Structure formats: C-alpha cells, structure tokens
Amino acid sequence: MGVLVVIEGLDGAGKRTLTEDVSDRLRAGGVRIASLAFPRYGRSVHADLAAEALHGAHGDLAASVNAMALLFALDRADARDELTKSLADNDIVLLDRYVASNAAYNAARLEQPVDGKIVSWIGELEYGRFDLPTPALQVLLDVSPELAAERARRRGELDHTRALDAYERDAALQQRTLAVYRELAQRNWYGPWWIFRSGDDPATLAGRLADLITH
C-alpha cells in the first residue's frame, strides 16, 4: 500500500509545477508514483458545477459557503475508489489539493479561525462521513499572495480555460486563506505538515517523500 501526499497552497502558488517536478525526480529514482489534481475539472460534475458558480452561473450558489464546500467534497468522495486503487498500485500518490484546501478557503470566506465550525464540519464530512484516506504528509507551498496572484493572472491570460474565478480575484480572501493554511500546518491538521517556500529545492522534497516509503 502506497502513501498519500498532498501539496497545498494558494491559486498560482506553483503546485502543479512542483507536483510534476517531484514526480519526475521520484520516477527517475525508481519510485512508483501517481498524481491527481483536485478539483477534477472536466471529469467531475460536482467540480464543474462549482467552477461554473465561481464564474457567475447557477444563481446564488457561490454565495453559500457550505454549498460550495459540499460540491468540492463530493468531487473527492467520487474519487475515493480511484484513490484507493492508486494507493494499492503505487508507492506514492501525490495530490495537487485535497481536503485542507476546502477548509482553508471556506474558513477564510467566513473569517473563521482553524478551530471554527466550518473547518471542523469539513474535516468530519470528508474524512469521517465520506471516509477519505488521510495523508501521510501535507506540504504547504508557502508563497506570498501577491506572487501567487500575479502567476494566476498570467496563467489566465495565456489560457482562457483558466480565467480567474471569484476566489482568485479576491486579494483579501487569498491573504486570509494563506493565514488559515499556515495555522492548519502549525496544528498538523489531519496529519503531519511540512512547509515548502519559494527558493527551496524540489530535490529536498523528493528525498523526503522517498524516505516515507523506506521507513
């Protein structure tokens, strides 16, 4: 059985790039690794409904914090069998976003701390009721909100399918979300966390992940 590792961070933090870099390094070292990104846009009706709401569709759906959190949670619940199989077939399954993203963004929307109701509800919903596997390690890609926002903006200009949504356009929300992420990491919410900052070497992260499957 493989280990589940998650890379978390703001939109535009560089999660996809880091996931691909680390995956390539581990494969080169003979590690069996699979990766998956959440939300599963284009594959999950729940993820697509959430994305459409964040771009102005579906009436007042996006205004409901719990409704949006539930859509993203249902996307992951539908992927549980896929995750279970990937863990059975690989040494490491590396995720770009997972449950903590739901907790961080929605706590930030409500301006609640980590010990507030929404974080508790999301944890109980996804890890409890939906019985999702808990990570062996969660990595917070900690970059400044300003840098993340600039990257997200440039990405949206180059690819119209990744145009900024309502969350990405809200600079204050991004600031609050990073603060919640940092607190989740400090408290080791649902397992151990590690901080990865701009300028850190992906080889160091790859080595740490390799250690997870040798100890």
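1. A salt bridge is defined here as a side-chain nitrogen of Lys or Arg within 4 Å of a carboxyl oxygen of Asp or Glu. Side chains of opposite charge can pair when their charged atoms come close.

2. The model is predicted, so local features need pLDDT of at least 70 and side-chain atom pairs count only at pLDDT 80 or more, while totals for chains, interfaces and linings use all residues. Residues are numbered from 1 along each chain as its sequence is written, and side-chain values use heavy atoms, leaving out hydrogens and water.

3. Arg97 and Asp11 form a salt bridge through their side chains, at 2.9 Å from N to O. This pair links distant parts of the chain, 86 residues apart: Arg97 is in the loop between strand S3 (92-96) and helix H5 (99-110), and Asp11 is in the loop between strand S1 (3-8) and helix H1 (15-28). Helices (H or I, at least four residues) and strands (E, at least two) are DSSP runs, numbered from the N terminus. Both Arg97 and Asp11 are buried; buried means under 20% relative accessible area, exposed over 50%, and partly exposed in between (1.4 Å probe, protein chains only).

4. A salt bridge also joins Arg25 to Asp21, with 2.6 Å between the closest N and O atoms. Both residues belong to helix H1 and are 4 residues apart, about one turn of the helix. Arg25 is partly exposed because its relative accessibility is 38%, and Asp21 is partly exposed because its value is 26%.
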